[in-house]
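I opened my notebook to look up a few spots in this structure. Here is what I wrote down, entry by entry.

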Amino acid sequence: MTIRIADRWFERKAVDEEITLLWEPMVDPLLRCNIWHVRGRDRDLLVDTGLGICSLREAARDLLQKNVIAFATHSHMDHMGGMHEFNIRIGHPKEQHAMMDPVVFGSMSARDYDPSFMQYMADIGYPLKEELVTAYPYEGYDPSSYTVQPAAPTWLVEEGDVVDLGNRAFEVLHLPGHSPGSIGLWEKSTGILFSGDAVYDGPLLDGLEDSSIADYLQTMERLKSLPVRVVHAGHDPSFGRRRLREIAESYLQSRSG
Ligand SMILES: [Zn+2]
C-alpha cells in the first residue's frame with residue numbers, strides 16, 4: 001500500500017479575531033492535539049504544540065509575528081512535540097523532568113507500542129490502527145522514526161501565576177490527574193478555559209503511568225463549579241459550561257465509591 005504525501009501538515013481555523021485553532025489532520029484522533037494560538041497586544045500565546053513531526057513555527061509563521069510564549073499543558077508527546085521550536089516555554093515543575101527528557105510512548109506505527117498500552121487504549125475507546133497517520137509529511141517518511149526533542153521549561157509556573165499578553169491575562173490552574181503537572185489557563189473576564197487534557201469531550205485517560213485517579217477526582221470537583229463560558233480543550237471540539245458539568249459529573253460518578 002502506498003500512502004499519500006500531505007499537501008500541508010497543519011490545518012487551522014479562526015475561532016474569533018484573536019484565537020486560532022491549529023491541528024494535525026493526518027494524525028489519528030488519539031494523538032491529534034488542539035494547538036491554540038492567542039494573539040495578544042504585547043506577546044502571543046501558544047497553548048500546546050502538537051507532535052513535532054513537522055515544524056509548527058514554519059507552518060504558523062504568519063501568525064507568529066510577536067514574541068511567543070509557548071505553554072505546555074503537560075509533557076505528553078502529542079502536546080509538547082513542537083515545544084523545542086520556541087524560546088519561552090512554560091511548564092509545571094512536576095512535568096519539568098519529562099520535558100527535559102521526553103517519554104515517548106510509541107511512534108506513528110502501532111508496532112512500536114507496548115501491547116498492554118494498546119489494550120488499555122482499545123478498552124477506553126481509542127483502538128489504534130496499524131499506522132497513526134493517514135498521510136506522510138514527506139516522501140520516504142518512516143512512521144517508526146518518531147522522536148520528541150527535549151524542551152526544558154524556561155519558566156516554571158504554579159497555581160495562581162499569571163500569563164500576561166498585555167491586553168489579556170490568563171491565570172494558571174493546576175489540574176492534576178491525567179498527569180501530575182497538568183495545567184490550564186483561565187481567563188476570568190471572558191470565561192475562557194484552556195484545559196489541556198485535564199478535561200476534553202472524549203474518553204478521559206486516567207490510567208496512564210503518570211495519571212492519578214485521586215487527583216483527577218479533585219480536579220473534576222473543581223472544574224464542575226468553574227463559571228466557564230467555553231472550554232478550549234487539548235482534544236476534540238470546544239464546549240460550554242453545561243457540557244463541562246456533565247463530563248465532570250459523569251467522571252465523578254464513574255470513579256468514586
Ligand atoms: Zn495527555
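Entry 1: I looked up Asp206 and found its side chain joined to that of Arg255 by a polar contact of 2.6 Å. For a polar contact I need a pair of N or O atoms within 3.5 Å; within protein, one must be able to donate a hydrogen and the other to accept it, and residues adjacent in sequence count only if both atoms are side-chain atoms. Asp206 sits in the loop between β11 (192-196) and α5 (213-224). I noted that Asp206 counts as buried because its relative accessibility is 6%. My cut-offs are under 20% relative accessible area for buried, over 50% for exposed and partly exposed in between (1.4 Å probe, protein chains only).

**Entry 2: a note on the model.** The model is predicted, so I kept in mind that local features need pLDDT of at least 70, side-chain atom pairs count only at pLDDT 80 or more, and totals for chains, interfaces and linings use all residues. Residues are numbered from 1 along each chain as its sequence is written, and side-chain values use heavy atoms, with hydrogens and water left out.

**Entry 3: the zinc ion.** Which protein donors does the zinc ion have? I found His74 (NE2), His76 (ND1), His178 (NE2) and Asp197 (OD), lying 2.2 to 2.4 Å from the zinc ion. Donors here are N, O and S atoms within 2.8 Å of the metal (3.2 Å for Na, K and Ca); water is not among the atoms, so sites may look incomplete.

Terms used. Helices (H or I, at least four residues) and strands (E, at least two) are DSSP runs, numbered from the N terminus.
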